[in-house]
Amino acid sequence: MSDLRYDKITNFSGSLAEEMKKAGLKEINACIQCGNCSGSCPSGRRTALSTRAIIRKIQLGLDEVLYDKDIWYCSTCYTCLERCPRKVPVTDAIIQLRNLAVQKGNMHPTHVSLSHALYNTGHGVPIDNEKWEKLREFHELPAKPPTAQSNPNAVDDIQILLKSSQFDELVGIIEEDEQAIEYENELDYLAKNVINIQAIVEVLPFL
Ligand code: SF4
Ligand code: SF4
């Protein structure tokens, strides 16, 4: 899957606001642009994420928000909802925007990596090194959590579930598998030809 696209769509379509309403987020229209959400957003302190601006773009039906990399910087802590005087579900709106963005092929590379890790290990952030295992044991926890990390066979079940919702296609896992098969075929081809060349070189002195 390619990186985020930064080109902007600037037409007023109105369809985005409709999508949000269909998703049950009617409160978006109640936003009064007070900025409490932006002022209390921990991610906004470190990135350009402006929740107030994102809500306004949804209200105006500006599809460009689906191409905005800032929607991927939300940590889903829900502080914005807690502080909003109009109870606008900002976090849920951002999650919905991400869903729509992924359907258009836009996903932050970090989230692509997390999705691949989830598919391959059952964890977005696998505990796969000794340091974390020791830290867990220090806190009197089993080295590996009682999840797919301790039950590798469960990964097959997780992949069946993810495939049933086309998750693998959305995050580009199928493409990756096909590329791997192609790469393996190329390696096989090269290996066979190297053996043939070696055989020719070996018989050359006798010709
Ligand atoms: S806190 Fe609520 S009302 Fe204020 S800008 Fe954010 S979403 Fe809108
Ligand atoms: S849920 Fe996301 S947008 Fe809302 S305050 Fe937390 S990081 Fe910011």
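Start by selecting Ile-71: leaving aside residues up to four places away in sequence, it touches Ile-54, Val-65, Leu-66, Ile-94, Leu-97, Arg-98 and Ala-101, where a contact means heavy atoms within 4.5 Å. You are looking at a predicted model, in which local features need pLDDT of at least 70 and side-chain atom pairs count only at pLDDT 80 or more, while totals for chains, interfaces and linings use all residues. Residues are numbered from 1 along each chain as its sequence is written, chains are lettered from A and ligands numbered from 1 in the order in which they are written, and side-chain values use heavy atoms, with hydrogens and water left out.

**Zoom out to the chain.** Colour by secondary structure and you get ten helices and zero strands; both kinds of element are DSSP runs numbered from the N terminus (helices H or I, at least four residues; strands E, at least two). Of the 207 residues, 34% count as buried, meaning under 20% relative accessible area with a 1.4 Å probe, protein chains only. Take the contacts between residues at least 6 apart in sequence: 69% of them join residues at least 24 apart.

**Now select the core.** The largest nonpolar core holds 34 residues; such a core is a set of buried Ala, Val, Leu, Ile, Met, Phe, Trp, Tyr and Cys residues joined through side-chain atoms within 4.5 Å. Ile-71 turns up again here, listed with Leu-16, Met-20, Ile-28, Ile-55, Ile-58 and Leu-97 as having the most contacts inside the core. Show helices H1 (15–22), H3 (51–60), H5 (90–103) and H6 (109–121), the elements that give two or more residues to it. H5 gives the most, with seven residues. Colour by domain next: the core draws at least three residues from each of domain 1 (10–103) and domain 2 (109–206), with bounds from an automatic or database domain assignment.

**Keep H1 and H5 on screen.** They pack at an angle of about 115 degrees, with axes 11 Å apart; the axes are lines fitted to C-alpha atoms over the stretch in contact, and angles run from 0 to 180 degrees between N-to-C directions. Show the side chains of Leu-16, Glu-19 and Met-20 on H1, then Ala-93, Gln-96, Leu-97 and Leu-100 on H5: these make the contact.

**Last stop: Ser-40.** Select helix H2 (residues 36–40), where Ser-40 has its place. Is Ser-40 buried or exposed? Its relative accessibility is 6%, so it counts as buried. Not counting residues up to four places away in sequence, Ser-40 touches Arg-45, Thr-79 and Arg-83.

Methods: Buried < 20%, exposed > 50% of the residue type's maximum accessible area, 1.4 Å probe, protein only.
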